[in-house]
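Please look over the model shown below with its two ligands in mind. The paragraphs that follow go from the ligands to a few individual residues of the protein.

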Amino acid sequence: MATVADTGLQFTNRPLTSPISADERAAVLANPGFGTKFSEHMVTIEWTEERGWHDAVIGPRGPIALDPACAVLHYAQEIFEGLKAYRHPDGSVALFRPYANAERFNRSARRLAMPELPENVFVESVRRLVEADRDWLPSVEGGSLYLRPFMFASEVFLGVRPAKEYKYIVIASPAGNYFKSGAPAVSIWVSQEYTRAAPGGTGAAKCGGNYAASLVPQAEAIREGHDQVVFLDAVENKWVEELGGMNLYFVFDDGTLLTPPLSGTILAGITRDSLLTLARDEGLTVREERYSLDQWREDAKSGRLVECFACGTAAVVTPVGKVAGHDGEFTIGSGGPGQLTQELKDRLVAIQRGEAPDPHGWVMKLS
Ligand code: PLP
Ligand code: COI
């Protein structure tokens, strides 16, 4: 049993007791959708104040028992990550920038007063799960294995203080398109009553509570006939921040791009960062600057703004065609996918899928 370098942590393998049949798996993989189907293994690692990280296991995926007084159920001390494994043309499997997820996981841990997980343990846990479940990579167009590492306070205690026990788990879910509609561009609803994150809050952390708070405005967006909600800043209710699970980019008629800055209230998306680099590689100017809702509307109407897109691991690059709010709606460009949006998406996806060179060393090939 090999230990993860410099950590002394050893993974125990527990075999599957009743593996799924190849036919059943093929039926799942033919139409994976997003987030409803799961692979057969999971990783669990425990943390206690006395022992630190211990009991790393890769074994059959299944329910976990929780005491009703488990701290996470009361005070939401929980964080998570999202990354994908891709099948490459040579049949190998690869992760995309897993160390960036490991780093962000620890930033989230610090904000939520949780223990940090050594980055090599994070990456090793994900690698082991993908190797165990490599048959779960869908071969449908755009398919991947979505990986969800998460950590929560598992101590049985009702006092309000950082817990002294945590559980880290990684599960995997075969994924196709995030958006069910399959529409070429999405329509987004501006939340003017609710905000997602305030300065000094947890907006830059990937913690479950942020998503719980986004559900009412997201439901409002759906009720109003739109796909996603976009949030404005909490101080002036003026500056465009991000969607519930994606960052935003704007493309102007002079070929420049803009994305809201990492002000502490938005998530530092790894897709956002990768696109920033790829766009600059192409010689494009990208500004990380605040952009107001009023300016957005004015630029869309004048034609200065020609494209807009959302980006994230789950959603990849998704064109935004229409924006609506209490003050009416506006269309961006033709209302469909823009050319630069498509070019940047193609560049990114080709690297992730091993169909283009990887000049920035983002791809981590597994076996
Ligand atoms: N913003 C939020 C709130 C998210 O949940 C996500 C998804 O992870 C993103 C942005 C995009 O981040 P990434 O590109 O790292 O997936
Ligand atoms: C991801 O893109 O990985 C996310 O975590 C977003 C979530 C809304 C599915």
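In what follows, Ala, Val, Leu, Ile, Met, Phe, Trp, Tyr, Cys and Pro count as nonpolar, Asp, Glu, Lys and Arg as charged, and the others, Gly among them, as polar. By that division, the shell around ligand 1 consists of six nonpolar, seven polar and four charged residues. The model is predicted, so that local features need pLDDT of at least 70 and side-chain atom pairs count only at pLDDT 80 or more, while totals for chains, interfaces and linings use all residues. Residues are numbered from 1 along each chain as its sequence is written, chains are lettered from A and ligands numbered from 1 in the order in which they are written, and side-chain values use heavy atoms, with hydrogens and water left out.

There are 17 residues around ligand 1, and those that come nearest are Tyr211, Glu242, Ile270, Thr271 and Thr313; a residue is near a molecule if one of its heavy atoms lies within 4 Å of it. Oxygen atoms of ligand 1 lie 2.8 Å from a side-chain N or O atom of arginine 104, 2.8 Å from one of lysine 206 and 2.5 Å from one of threonine 271. On its own ligand 1 has 380 Å² of accessible area, of which the protein covers 96%, as found by the Shrake-Rupley method with a 1.4 Å probe, where for residues only the protein chains shown count as cover. Two or more residues of the shell around ligand 1 come from each of β11 (240-243), α6 (270-281) and β15 (305-312), where helices (H or I, at least four residues) and strands (E, at least two) are DSSP runs numbered from the N terminus.

Which residues are around ligand 2? They are Phe80, Gly82, Tyr146, Arg148, Tyr178, Lys206, Gly245, Thr313 and Ala314, and they divide into four nonpolar, three polar and two charged. A polar side-chain atom of tyrosine 146 lies 2.6 Å from an oxygen atom of ligand 2, whereas the contacts with threonine 313, at 3.5 Å, and with alanine 314, at 2.8 Å, are made by backbone atoms. Taken alone, ligand 2 exposes 280 Å², and the protein buries 88% of that.

Asparagine 101 is buried, with a relative accessible area of 2%, where buried means under 20%, exposed over 50% and partly exposed in between (1.4 Å probe, protein chains only).

Two backbone angles deserve a look. Most residues other than glycine have a negative phi. Asparagine 237, however, has a positive phi near 55°; asparagine 237 is placed in the loop between β10 (228-232) and β11 and, at 34% relative accessibility, counts as partly exposed. Valine 316 likewise has a positive phi, of about 55°, although it is not a glycine; valine 316 belongs to strand β16 (residues 316-325) and is partly exposed, with a relative accessible area of 21%.

Definitions and conventions: A polar contact is a pair of N or O atoms within 3.5 Å; within protein, one must be able to donate a hydrogen and the other to accept it, and residues adjacent in sequence count only if both atoms are side-chain atoms.
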